[in-house]
Amino acid sequence: MSRAIRVAVPAPLHGGFDYLPPAAGPAPVPGARVRVPFGRRRLVGVVTATSTEPAVAGGRLRRIEAVLDSEPVLPPGLRELCTWAARYYHHPLGEVYAATLPVLLRQGRPAERRPPRLWRLTETGRALDGADLARAPRQQEIWRVLADAPAGLTTAALRERCPAPADTLRRMAAHGWIESVAAAPAAPAAGAPTPALGPEQAAAVGAVGSDFAVHLLHGVTGSGKTEVYLALVERALAAGRQALILVPEIGLTPQLIERFSNRLATPIAVLHSGLGDAERLDAWLAAREGSAGVVLGTRSAVFTPLARPGLIVVDEEHDPSYKQQDGLRYSARDLAVRRAQIEDVPAVLGSATPALETLHNARRGRYRHLRLTRRATGADIPAVRLLDVRSRKLSEGLSEPLLQRIAHHLEGGGQALLFLNRRGYAPALICHDCGWIAHCRRCDAALTLHRGGRRLDCHHCGAQRSPPAVCEHCGGKELIAVGEGTERVAAALRARFPDVRLARFDRDAVAAKGRLEDLLAEVRSGAARLLVGTQMLAKGHDFPDLSLVGVVNADHGLFSADFRAFERMAQLVTQVAGRAGRGDRAGEVVLQTRHPDHPLLRRLLESGYDAFAEAMLAEREAVGLPPFGHLALLQAEAPGAEAPARFLDAAADLAGDAAGVELWGPAPAPMERRAGRYRFHLLLRAGRRGDLHRFLDAWLPRLAELPGARRVRWAIDVDPQDLI
Ligand code: ADP
Ligand code: ZN
Ligand code: ZN
């Protein structure tokens, strides 16, 4: 019987699929992409083995249609990571590869760098006068934009700035005014001055070797963690190696990219979700061929191939954005650690507020614990003061004492930041007569008022509508906006401080491209002195004149159904408090609460995050929750409630008495209906990780055969972060 080639195809299939070698040409090597027939479709898969005993009789195997790579598309270390991730997250290997590869490679494009083409003015073009083109306003605008960008612009970048239809560009090129040239590789930047490291920073740098070890860089806000990363990256580059730096979604700001590129004499491949397909492929290939010394990116950048890996850094390692919530539900932080082990390079996990899992690993000695206890600039970390607002009259969520502190800081020339983790105008619209609440028709959730109350948005499914004129239940005419979001707090502050410029930071306010940069520049220049924002303001930013931070409301973090909510709240409060008093002005932080006696809240504010974390760890240990137990969440959803409930009941029956694994549920998800689908959960918990995975290995493949499996959408989430 002839031997077969096994291909991991992007389909919900574990294992792989066997094919015959292509009719002509050389057989593919393991790790190469191939195009294969699959049902009635054609898919691009990755070869995992080249000489296997076929799973079905050889005569019925189909043939590989084309071999797309003569070399493996991924280096061996990364393939090993994919195989590991497929096993750990119980996800089909072909889909793991698909999640790893840039879109264009998934579609079968050649894995070759094609430098992007740039438009720029020719010498003739530069000699023109804008007025020459007065009768062709489109051309005139293109001319003006290109005159401002001597280095050239890609077609996409040009079109962001002005309309630039292809035929207009062609016409201008035919006149010899503009030309399209291949982009030169990014020039290594000049070295900006390096500050002398402080003793704790130097000790941290010295503690990181060149072999595999995981380090928790636990440094208070502003302690100079980024300087430690930079020193380690410089060292890796000097040794001829590359560094991979992961940052949270909202941490990848132009300032950070600039800070890295001003300091490091190497091209930096920046990978984030806003890239176009061609740009992403080019950055990915630059990392794979080794011409980019540094890869800087968000979650999915953990899968970037590196020719000569030397260092992996995860900044703000506690950040929830490292967890992918659909498809391959991976933790980029955990995969980064695993990857460092596979590649035998050091990993550095940095945070002022480490995740409990990470602290636990450091306490057990699995991670080296490096501490930076002081701010690099010598400034003090401000203490957080509780402001009991139970008996106070609040105006749009703000108490009079807080307003007075704001006035005081503004008068003294400082800046004030108000933090509220809720965007929009108000979180609910309620009928004064009967208590009816405007709900989303497709979700079990109240609609949020936006635009000063002129629109209702669902934050869970994106539905939008205009607010009803009267109550939909009783016809009452008095509908009240209850509670406050960033829009409302910003409006109240504008009314109270009409002469002070305010900058609002939330997903709505910075939706337009470039808006975030503009706002940050206003704050840095001192033009804007009042800041209102969500967690977007909690990280990374260094505003030297910011002297007051007010936490408008963090109480919803105290009593959430999610056992991680309190940890998250503590991290956010600590991070946002850390924005205050970074420069010469002493910082002040005020937290408004209706629960001033909450024991964990007191612990956090009186003894700091580390002591709080100890208390939380003790609680988790007592109940066997992570990091003292291991969880997996089987989720099922369907347009009706019955199918997912039944499916999970059957799944639980099938589990029987699983050794070492407890089943919690099935139960409706805390938000039972979302986007028109009913959602149910079955939570699995094990004291030992091995027990959980052994169980999942045996159990999951059988779920697809359950009678109701085809009527629901189901998925397994290993190490779930959100239980909503
Ligand atoms: P973190 O990443 O811990 O928040 P940063 O690396 O951004 O801290 O440093 C905070 C501030 O301190 C920055 O303005 C940085 O330029 C400055 N800084 C960091 N290390 C030093 C140092 N060794 N000497 C002087 N200034 C430093
Ligand atoms: Zn009513
Ligand atoms: Zn909805």
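These legends describe close-up views of a predicted protein model.

**Figure 1**
The protein chain has 21 helices and 31 strands. Its division gives five stretches or groups of stretches: domain 1 (4–106), domain 2 (117–182), domain 3 (199–372), domain 4 (383–426 + 483–617) and domain 5 (630–718). Domain 4 is written as two segments, 383–426 and 483–617. The centres of domain 1 and domain 4, taken over C-alpha atoms, are 50 Å apart. Along the principal axes, the C-alpha atoms of the chain fill a box of roughly 85 × 80 × 65 Å. How does the radius of gyration agree with that of a compact globule? For 724 residues, such a globule would have a radius near 27 Å, and the protein chain has 28 Å, so the two agree. Of the 724 residues, 53% count as buried.

Strands of a sheet pair through backbone hydrogen bonds, either parallel or antiparallel. Here the pairing is parallel, and the order is β10-β11-β9-β12-β13-β8-β14. The edge strands are β10 (268–271) and β14 (368–372), and each of them pairs on one side only. From one strand to the next, the twist averages 20 degrees. Look inside the sheet for β9 (residues 242–246) and β12 (residues 309–314), which pair in the parallel sense over five bridges. Which residue of β12 is the bridge partner of I245? The partner is V313.

**Figure 1. The zinc ion (ligand 3).**
Four cysteines hold this ion through their SG atoms: C440, C443, C458 and C461. They coordinate the zinc ion at 2.3 Å. The angles among the four donor atoms run from 105 to 113 degrees, and the site is tetrahedral. Ideal angles for four tetrahedral donors are 109.5 degrees. Along the chain, the donors follow the spacing C-x2-C-x14-C-x2-C. C440 sits in the loop between β19 (428–431) and β20 (448–450), and C458 in the loop between β21 (455–457) and β22 (464–465), so this pair ties together parts that are 18 residues apart in sequence. Are C440 and C458 buried or exposed? Both are buried.

**Figure 2. The zinc ion (ligand 2).**
The protein donors are again SG atoms, from C431, C434, C471 and C474. They lie 2.3 Å from the zinc ion. The donor atoms subtend angles of 106 to 113 degrees, which makes the arrangement tetrahedral. The spacing of the donors along the chain is C-x2-C-x36-C-x2-C. C431 is buried, with a relative accessible area of 2%. C434 is partly exposed, with a relative accessible area of 34%.

**Figure 3. Strand β25 and its two partners.**
In a regular strand the side chains alternate between the two faces of the sheet. Strand β25 (residues 530–533) is covered on both faces. L530 and V532 are on one side, L531 and G533 are on the other, and all four are buried. Strand β18 (residues 415–420) pairs with β25 in the parallel sense over four bridges. In that pairing, L417 has L531 as its bridge partner. Strand β24 (residues 502–505) also runs parallel to β25, and four bridges join them. Here L502 stands opposite L530.

**Figure 4. A glycine in a loop.**
Where is G485 placed? G485 lies in the loop between β23 (479–482) and α15 (486–496). Its relative accessibility is 1%, so G485 counts as buried. G485 and R423 are 62 residues apart along the chain, yet their C-alpha atoms are separated by 4.9 Å.

**Figure 5. An open sheet of four strands.**
The order is β29-β30-β28-β31, with antiparallel pairing. At the edges stand β29 (661–674) and β31 (713–718), each with a single partner strand, so one side of each is left without a neighbour in the sheet. With direction ignored, neighbouring strands are turned by 20 degrees against each other on average. Eight bridges join β29 to β30 (residues 677–686), and the two run antiparallel. R674 has R677 of β30 as its bridge partner.

Definitions and conventions: Residues are numbered from 1 along each chain as its sequence is written. Chains are lettered from A and ligands numbered from 1 in the order in which they are written. This is a predicted model: local features need pLDDT of at least 70, side-chain atom pairs count only at pLDDT 80 or more; totals for chains, interfaces and linings use all residues. Side-chain values use heavy atoms; hydrogens and water are left out. Domain bounds come from an automatic or database domain assignment. Two strands pair if DSSP finds at least two bridges between them. Axes are lines fitted to C-alpha atoms, for helices over the stretch in contact, and angles run from 0 to 180 degrees between N-to-C directions. Donors are N, O and S atoms within 2.8 Å of the metal (3.2 Å for Na, K and Ca); water is not among the atoms, so sites may look incomplete. Four donors count as tetrahedral if all angles lie between 85 and 135 degrees; four count as square planar and six as octahedral if opposite donors are over 155 degrees apart and all others between 65 and 115; anything else is irregular. Buried means under 20% relative accessible area, exposed over 50%, partly exposed in between (1.4 Å probe, protein chains only). The radius of gyration is taken over C-alpha atoms; the globule rule is 2.2 Å times the number of residues to the power 0.38.
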